[in-house]
Amino acid sequence: MNVVEFPWLTAIIALPLVAALAIPIIPDKEGKTVRWYGLGVAIADFALMIYAFWHNYDFQSSTYQFVEKYSWVPQIGLNWSVAVDGLSMPLILLTGLINTLAIFAAWKVTNKPRLFYGLMMVMYSAQLGVFLAQDLLMFFLMWEIELVPVYLLISIWGGAKRRYAATKFILYTAAASIFILVAGFAMAFSGDTVTFDIASLGMKQYPKALELLVYACFLIAFGVKLPIFPLHTWLPDAHGEASAPGSMILAGVLLKMGGYALIRFNIEMLPNAHVYFAPVLAILGVVNIVYGACCAFAQTNLKRRLAYSSIAHMGFVLIGLASYTEIGISGAMLQMVSHGLIAASLFFLSGVTYERTHTLMMDKMGGIGKVMPRTFALYTAGAMASLALPGMSGFVGELMVFLGIATSDVYSSSFKVVVVLLSAVGVILTPIYLLSMLRQVFYGKQSEDLHLDAVVSDVKPRELFITACLLLPIIGIGFYPKLVTQTYDVKTVEVATHARQVLPVVARQQPTSLYSQIFTAPTLANAPVDSLVNISK
């Protein structure tokens, strides 16, 4: 078989799932063989992605590549349809890296190791399916399959309140999934043809009321996963109780599923409705940034502080998606990749400190910097990336989002000033709560219950390797963003151009509406479609 004709994407999705089915028959009593097996499968799948994309992916094409489509359940119109483009390819690689490192981070799991590694690989497969699915029913199926392993990983291997956190997670996310199903069926049965193919759904013309309703349903469903205020409350509890590997995947991959779906469904498929909702996304992004940063101050639990930090950073994704500019949408993509790496490193290091101190309360960790200087250095590097220090990936992503919204000709000057200034407040608050976290954990007052010399040891080679695998790309992207942006630049230009084409039409249809008077630039209502497209190009 020709190498190009090989079903690369099907193999990438199926490998972890098939490997998980073999775990029960592996001879192993103490879990050592299973953990090596799980790590080997994860590395093999990640290597398969790199090989396939390096040799066969065309970075200059915005169309779907590696297209594979097979009839799966024809009675209900379900097809196994997968493909990759600039929106999904960098997130696929991020998923492979984070999951591989998370399995390596779970090296000391001794409670039900077969079940643990089996769930990790099923979740890995489902995440890949979400990013690669080109059939709406298949997308929904993968989205739902991913929920079950996360629920079990939190409820079995989590902290003292793990069952509460796991139940809250599954209730929020499962309830939100109903909106995906409702919106999907509404789109599929609209018009003369019934189809669940995502590309075909994007070419349909929908009545205005239906498109607005479908957009709102998707926004709720994906807003829970991102998460968007006020649909975020499951996240601090889940992070606070999940084990370090679970938190790495939650922050590094699961949140990005929400951002990816907003671009794929809300912007690409429903551009007319996006005109009405884009200002709402920008406002919600500002709320996420300021609210997340303020709530992070109030947290004494290390992982809950990092969780609220993630909520704040996802606000920049929303602002970038609302900007209607190529650089803004590109910044949102880069912010997702960057935050995935940064958050995974910080949550892994929080697990390192928890193993030594057996607590996540920052006021009880004080003084551990004396015996953990290398851990402190790694923590500091991760925190600097999170607070957007120049030379780190976080700085580039946030800067591109700011430039995108500030240079947008879609919004009025007053609206842009308010968004930029309030977002800047969150940027100022971020280093304050992150640096205070470092001070409390590593150089605060030593707890009487913590005997440093007897209990605490510095980071070990395995832990150093995992952290380095996350910090190196963070620094590399910070100095040379093209490492990531070249994978999706052509696609984000297409998405921005496609979204902007409907702007003048909608503005002319409602020249006296609140939207066109306050949120859009005064010239927008009279701008011809062709000229606006040329500007975006």
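Helices, as named in these legends, are DSSP runs of H or I with at least four residues, numbered from the N terminus. The model shown in every view is predicted.

**Figure 1. Helix H13 and the residue that follows it.** Helix H13 comprises the 32 residues 326-357. Most of H13 is covered, with 28 of its 32 residues buried. Just after the helix, His358 adopts a positive phi of about 60 degrees.

Figure 2. Five cavities of 30 Å³ or more are present in the structure, and the largest cavity holds about 100 Å³ of space. Its lining consists of 15 residues, of which Ser309, His313, His339, Ile342 and Ser386 are the closest to the centre. Four helices each contribute at least two residues to this lining: H12 (302-322), H13, H14 (373-386) and H15 (393-406). The greatest contribution is that of H13, which supplies seven residues. Classified by residue type, the lining of the largest cavity contains six nonpolar, eight polar and one charged residues.

**Figure 3. The second largest cavity and its lining.** The space in the second largest cavity amounts to about 50 Å³. Its lining is formed by Met123, Val150, Leu153, Ile154, Ala242, Pro245, Gly246, Ile249, Leu250 and Leu254. Two or more of the lining residues come from each of helix H5 (136-157) and helix H10 (244-267). H10 gives the most to this lining, with five residues. By class, nine residues of the lining of the second largest cavity are nonpolar and one is polar, while no charged residue takes part.

**Figure 4. The aromatic pair of Phe131 and Tyr260.** Across the whole structure, 31 aromatic pairs are found. In the pair formed by Phe131 and Tyr260, the ring centres are 5.2 Å apart and the planes meet at 80 degrees; because planes over 60 degrees apart count as edge-to-face, the pair is assigned to that class. Phe131 is buried, with a relative accessible area of 1%. Tyr260 is likewise buried, its relative accessible area being 1%.

**Figure 5. The stacked pair of Phe185 and Phe189.** The rings of Phe185 and Phe189 are 6.0 Å apart, centre to centre, with 15 degrees between their planes, and the aromatic pair is stacked. Phe185 has a relative accessible area of 34% and is therefore partly exposed.

Figure 6. Phe139, Trp143, Phe218, Phe222 and Phe265 form one aromatic cluster. Over the ring of Trp143 sits the charged end of Lys225, at 4.9 Å from the ring centre.

**Figure 7. The charged end of Lys491 over the ring of Tyr64.** In this arrangement, the charged end of Lys491 is placed 5.7 Å from the centre of the Tyr64 ring.

Conventions:
Residues are numbered from 1 along each chain as its sequence is written. This is a predicted model: local features need pLDDT of at least 70, side-chain atom pairs count only at pLDDT 80 or more; totals for chains, interfaces and linings use all residues. Side-chain values use heavy atoms; hydrogens and water are left out. The expected span of a helix is 1.5 Å times one less than its number of residues. Buried means under 20% relative accessible area, exposed over 50%, partly exposed in between (1.4 Å probe, protein chains only). On a 1 Å grid over the protein atoms alone, a cavity is a set of points where a 1.4 Å probe fits but cannot get out, and a pocket is an open set with protein on both sides within 12 Å along at least five of seven lines; lining residues have an atom within 4 Å of a point. Grid points are joined across faces, edges and corners, and a volume is the space filled by probe spheres set on the points. Ala, Val, Leu, Ile, Met, Phe, Trp, Tyr, Cys and Pro count as nonpolar, Asp, Glu, Lys and Arg as charged, and the others, Gly among them, as polar. Rings of Phe, Tyr and Trp (its six-membered ring) pair if their centres lie within 6.5 Å; planes under 30 degrees apart count as stacked, over 60 as edge-to-face and the rest as tilted. A charge sits over a ring if NZ of Lys or CZ of Arg is within 6 Å of the ring centre and within 35 degrees of the ring normal.
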